[in-house]
Amino acid sequence: MLVHICCAVDSHYFLEKIQEEYPDEKLIGYFYDPNIHPYSEYRLRYLDVEYSCKKLNIPLIEGAYNLEEWLKKVKGMEHLPEKGDRCTVCYDDRLDNSVQKAIELGHDKFTTTLLISPKKSQEKLEIIGNNLFKKTGVEFIFRDYRSGNGAEIQGLRVKENSLYRQNYCGCLFGLTAQREHQKKIMDEMFNPISNQIMPKSIEERLELYKKRNTFEDEKKEYKIIKQKFLNYRLLSGKVVVNKEVIPSYIFAYSVLNNKGQSSAKLEFIKDNIYYLNRDDIKFITLKTFNSFAKTNYQSTKELIFNPLNFQDELNIRNQILKNPYDLSVLIVLDEVLDSKYEIYINSVVYEDTKEEII
């Protein structure tokens, strides 16, 4: 039997039940989910499904990530709600692809873990699956494992196995609608030009769950916990001198005034920190940065595209400003001139929760 898998949160308990109910069937997991966006989230969910299937001794096949084809199929349906026609097209695509894979592998049955997801329509999935059965002769196995106390048991399995509990369905349009409703920043779509791994980013979660896998393989005890913290995203920023943008590295947690811009001049220098006369703005030279960080950057541009890791950057910020809670603007320049500076910073600071592994 081929089992289409959407994510480990939904699949782990579903696969356990299928194994119990069909002990003589050879189960093959099939991860085909081109709707998941961005790609880093897709890789994280696949990693988690791979981990889950390994625990359950179920072979896993990865389907194609044909996002562009999927986007063409749902064009014009971007603003429809969850469980609407866009989702129906998505079910059609994933189940049709799955039944074709079942035929290719010589299976006579197929099913999908979408059936257990509370955000999916079992009725639509059953209709689509049965239509494919009539068309291809590959039997669609419909099972409702979420009724009764199924959802409760599913939640326990997720916790017992330290599975990744994603906080949106998967596609860009569902994510957009959910974040707009929550009035939250859609930081899943942020990717700094430096590729620095930001707190609470998908990339950070991917590293965490890779570490979980390592601990499992090494049979080490661990725990994934939640941590409340103050998050930060720099949306854009630049420094202008004499109408020219100059290379500048803006430290994390640099927050400018409500307008996001300032015009300031050098006021005084102390301990190689240049204090400007407005908005608590501070500059340091690249030479000073290298001294604190024990690095050898040759230019600020090099620092921009190859920064320290996030925690090391925070440590340097704390060394320079002598205050871990300081939100004033701190910027690295190749050199600091006695001139007028135009500073533009669009950044957000917000309460957030992230996972940690201990």
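**Entry 1: arginine 179**

I looked up the contacts of arginine 179 (contact means heavy atoms within 4.5 Å). Leaving aside neighbours within four places in sequence, arginine 179 touches Asn167, Tyr168, Lys184, Ile185, Met186 and Glu188. I note that this is a predicted model, in which local features need pLDDT of at least 70 and side-chain atom pairs count only at pLDDT 80 or more, while totals for chains, interfaces and linings use all residues. Residues are numbered from 1 along each chain as its sequence is written, and side-chain values use heavy atoms, with hydrogens and water left out.

I found arginine 179 in helix 7 (residues 172-182); helices are DSSP runs of H or I with at least four residues, numbered from the N terminus.

The side chain of arginine 179 makes one with the side chain of asparagine 167 at 3.0 Å, and another with the side chain of glutamine 182 at 2.7 Å.

**Entry 2: helix 1 and helix 2**

I next examined helix 1 (residues 8-21) and helix 2 (residues 39-56), whose axes, lines fitted to C-alpha atoms over the stretch in contact, come within 9 Å and cross at roughly 20°. The two helices are therefore roughly parallel to each other (angles under 35 degrees). I recorded residues that meet: Ala8, Ser11, His12, Leu15, Glu16 and Gln19 in helix 1, with Asp48, Val49, Ser52, Cys53, Lys55 and Leu56 in helix 2.

Key:
Axes are lines fitted to C-alpha atoms, for helices over the stretch in contact, and angles run from 0 to 180 degrees between N-to-C directions. Angles under 35 degrees count as roughly parallel, over 145 as roughly antiparallel, 65 to 115 as roughly perpendicular and the rest as oblique. A polar contact is a pair of N or O atoms within 3.5 Å; within protein, one must be able to donate a hydrogen and the other to accept it, and residues adjacent in sequence count only if both atoms are side-chain atoms.
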